Every structure is written in structure tokens, then in C-alpha cells.
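Good morning, and thank you for joining.

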Amino acid sequence: MSCVHYKFSSKLDYNTVTFDGLHITLSELKKQIMARERLKATDCDLQITNAQTREGILFADKLIL
């Protein structure tokens, strides 16, 4: 199992999404975060940024390692 740590800019603590395999697509990561946080896709869209490089990740089919 692999994991991605995420945090909303308005929160202090990180949460974790776990998944099978070595990578996850950006769209699947967004779906899992939204489900975990009980957000609806019609309410918002998530902006994903690499915390180390501050680079925004824009393409839905991009693999997150």
C-alpha cells in the first residue's frame, strides 16, 4: 500500500489517503480526498500542490508518485 499526505490550507494537520500500487492519478486522488472529507464535486474542485516544490499539479491523468 502507498499513501499521500494532504492538508487543506485552512487546517494545521495533515491527513492521509492510502491506495494500492505505486502511484495514483490526480483525478482518483481528488475523488478519495473529497470522499474522505465528505465534499461534493458540485460544491468545489481541489487545487493540488506539491508541498516540497510548491508546483501545482494540473492534469487529471498525471500520476502522483
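This is a predicted model: local features need pLDDT of at least 70, side-chain atom pairs count only at pLDDT 80 or more; totals for chains, interfaces and linings use all residues.

How much space lies in the largest pocket? About 900 Å³ lies there. Residues are numbered from 1 along each chain as its sequence is written, and side-chain values use heavy atoms, with hydrogens and water left out.

A pocket here is defined on a 1 Å grid over the protein atoms alone, as an open set of points where a 1.4 Å probe fits, with protein on both sides within 12 Å along at least five of seven lines; lining residues have an atom within 4 Å of a point. Grid points are joined across faces, edges and corners, and the volume is the space filled by probe spheres set on the points.

The lining of the largest pocket consists of 26 residues, and those nearest its centre are His5, Ile48, Thr49, Asn50 and Ala51. By class, the lining divides into 16 nonpolar, 6 polar and 4 charged residues. In this scheme Ala, Val, Leu, Ile, Met, Phe, Trp, Tyr, Cys and Pro count as nonpolar, Asp, Glu, Lys and Arg as charged, and the others, Gly among them, as polar. At least two lining residues come from each of S1, H1, S4 and S6, and S1 gives the largest share, 4 residues. The labels H and S stand for helices (DSSP runs of H or I, at least four residues) and strands (runs of E, at least two), numbered from the N terminus.

Let me turn to helix H1. Which of its residues are buried? They are Leu26, Leu29, Lys30, Ile33 and Met34. Seen down the axis of H1, these buried residues fall within an arc of 130°, so they line one face of the helix; the arc is that of the directions from the helix axis to the C-beta atoms. As a general point, an α-helix has 3.6 residues a turn, so residues three or four places apart point the same way. On the other side of H1, Lys31 and Ala35 are exposed. Buried means under 20% relative accessible area, exposed over 50%, and partly exposed in between, with a 1.4 Å probe and protein chains only. The buried residues of H1 pack against strands S1 (2-6), S2 (15-19), S3 (24-25), S4 (48-49), S5 (56-57) and S6 (63-64).

Lys30 deserves a separate word. It is found in H1, which spans residues 26-36, and Lys30 is buried at a relative accessible area of 16%. Where does the side chain of Lys30 reach? It reaches the backbone oxygen of Leu46, at 3.1 Å. A polar contact is a pair of N or O atoms within 3.5 Å; within protein, one must be able to donate a hydrogen and the other to accept it, and residues adjacent in sequence count only if both atoms are side-chain atoms. Not counting residues up to four places away in sequence, Lys30 touches Asp45, Leu46 and Ile48, where contact means heavy atoms within 4.5 Å.

Just after H1 comes Arg38, with a positive phi of about 60°, although Arg38 is not a glycine. Arg38 sits in the loop between H1 and S4 and is exposed, with a relative accessible area of 77%.

Is Ser2 buried or exposed? At 17% relative accessibility, Ser2 counts as buried. The side chain of Ser2 reaches the backbone oxygen of Gly21 at 2.5 Å. Leaving out residues up to four places away in sequence, Ser2 touches Val17, Thr18, Phe19, Gly21 and Leu22.

His5, by contrast, counts as exposed at 52%. A polar contact of 3.0 Å joins the side chains of His5 and Thr16. Beyond four places in sequence, His5 touches Tyr14, Asn15 and Thr16.

Finally, strand S2 holds Thr18, which is partly exposed at 44% relative accessibility. Apart from neighbours within four places in sequence, Thr18 is in contact with Met1, Ser2, Cys3 and Gln32. Thr18 and Ile48 lie 30 residues apart in sequence and 16 Å apart in space, C-alpha to C-alpha.
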